[in-house]
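This briefing is meant for a reader meeting the structure for the first time. Please look over the sequence and the model below before turning to the notes.

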Amino acid sequence: MDFELSEEHQAIRETARRFVEKELPRSLILAWVREKVEPPRQLFRKLGELGMYGFLLPAKYSGLERADPIGMIAFVEQLARCSAALTTAYGRAAVILGPLVASAANKEQKDKVLPKVIAGETFMALGLTEAGSGSDAASLRTRALKQADGSYVINGEKMFCTQAQSAGFMILAARTDPEAIKQEGISLFLVEDPGANPAIEINRIETMGMAMVPTFAVNFRDLKLPASALIGKENQGWKYMLHGLDNERLYHGAIGVGASQGIIDEVIPYLKQRVQFGKPLSKLQSVRHKIVDMQMRVEAARLLTYRGAAVLAKTGSCHNEASYAKVAGAECYMHCAYTGLHLMGGLGYCVDSGLPMHFQDAKLFEIGGGAMEVQRDIIARGLGL
Ligand SMILES: Cc1cc2nc3c(=O)[nH]c(=O)nc-3n(C[C@H](O)[C@H](O)[C@H](O)COP(=O)(O)OP(=O)(O)OC[C@H]3O[C@@H](n4cnc5c(N)ncnc54)[C@H](O)[C@@H]3O)c2cc1C
């Protein structure tokens, strides 16, 4: 058992660390948060040039001969130090939906989507959640009605479709067989340029955090899709989706780890120089112990996340391990954002400290991509409960 990253993975971590240091100063991140705007595409193109979109994509599309989930996690951990929200703009294409297209879509669809993903040229959006189906996502009701010529007409409403306005591609989950068991009547469709389609109405939802990755309510009114928009086989969509959701849970673990470590690395120097009652706050036992507890949670979440990545690299799936990583990472992030802000006192409460951004973003990871209870249920099933 080797707990060290390989030289190659250390190099990835170092590249990511330098990228964050050079391109993503806190002032810039906080400006995007304040203005509620997405980071510029140019930033993601630079990540594409550095090869950071290829970890889970095939060599044929300039990815790798063999998927490298550990490399992906090493990269995500560093990127998330500056902003969890920004990391999701990368991950939705590089970790969740790009790999889903690579594994389930046909050649024409892959040729269209994957070169843009690998170059960091496009955002991607996932249309899964609806007002009536969140945790129970397979109960979705958006309908894809097959026409005599093989094309489809889509009607329905999606909720929380993040980056739907700016995404080059949306992966849309819709019901193609209302008579089948719920998971077996769902198909996936590739919707190009959803923000420019007159049959798709997109309205921003105001959220507590994650301000630089806007999320939307999306209505489909008689959206016509050609037969060629179907991803994989009809009614097999849920199966394809599960693979993407496992990837999502795993990398949410890495986001939690990276963002939490970023907080700790900000708070420690502050506590060492902040003098109250004649000595640095870092010398007060109750303060030191809080920091130790934060770091212990990070170490535990990091181990679970890398274990999940190692299992994925070895076996091609990580269903249970991804849930362990997600719970540990998300709860660690929430704890570190709360405690880190508290330990910095009034300064932590100020927007410029960056802690309010973390405080607001962290909660999403305990809800989005499967709430903590849902993850614990997956783990419980794995334990035979
Ligand atoms: C900012 C944001 C961005 C998002 N982006 C996307 C996106 O891009 N695409 C997309 O498709 N979706 C997206 N989502 C949706 C997200 O995945 C859902 O919010 C999540 O799956 C939870 O569903 P829900 O909100 O309907 O909560 P509900 O399912 O109504 O659950 C509410 C609460 O009930 C409890 N609960 C639920 N199920 C169980 C259970 N089995 N056992 C015990 N307790 C339970 C939990 O405490 C949970 O938090 C986003 C959400 C947010 C807030």
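Domain bounds, as used here, come from an automatic or database domain assignment. The model is a predicted one, and its protein chain is assigned domain 1 (7-123), domain 2 (126-232) and domain 3 (238-382).

**Where domain 2 meets domain 3**

- The C-alpha centres of domain 2 and domain 3 are 30 Å apart, and the contact between them draws on 14 residues from domain 2 and 11 residues from domain 3.
- Between domain 2 and domain 3 an area of about 1100 Å² is buried, and carbon and sulfur atoms give 79% of this area.
- On the side of domain 2, Leu188, Met208 and Met210 supply 44% of the area buried against domain 3, which is more than any other three residues.

**Polar and charged features of this interface**

- The residues of domain 2 that touch domain 3 comprise 10 nonpolar and 4 polar ones, with no charged residue among them.

**Cysteines**

- The count of disulfides comes to 0.
- A disulfide requires two cysteine sulfur atoms within 2.5 Å, and because the closest cysteine sulfur to that of Cys332, in Cys336, is 4.1 Å away, this distance is too far for a bond.
- Cys332 is buried, with a relative accessible area of 2%, and Cys161 is also buried, with a relative accessible area of 0%.

Note on methods. Residues are numbered from 1 along each chain as its sequence is written. This is a predicted model: local features need pLDDT of at least 70, side-chain atom pairs count only at pLDDT 80 or more; totals for chains, interfaces and linings use all residues. Side-chain values use heavy atoms; hydrogens and water are left out. Buried means under 20% relative accessible area, exposed over 50%, partly exposed in between (1.4 Å probe, protein chains only). Contact means heavy atoms within 4.5 Å. Buried area is the accessible area (1.4 Å probe) that two parts lose on being put together, summed over both. Ala, Val, Leu, Ile, Met, Phe, Trp, Tyr, Cys and Pro count as nonpolar, Asp, Glu, Lys and Arg as charged, and the others, Gly among them, as polar.
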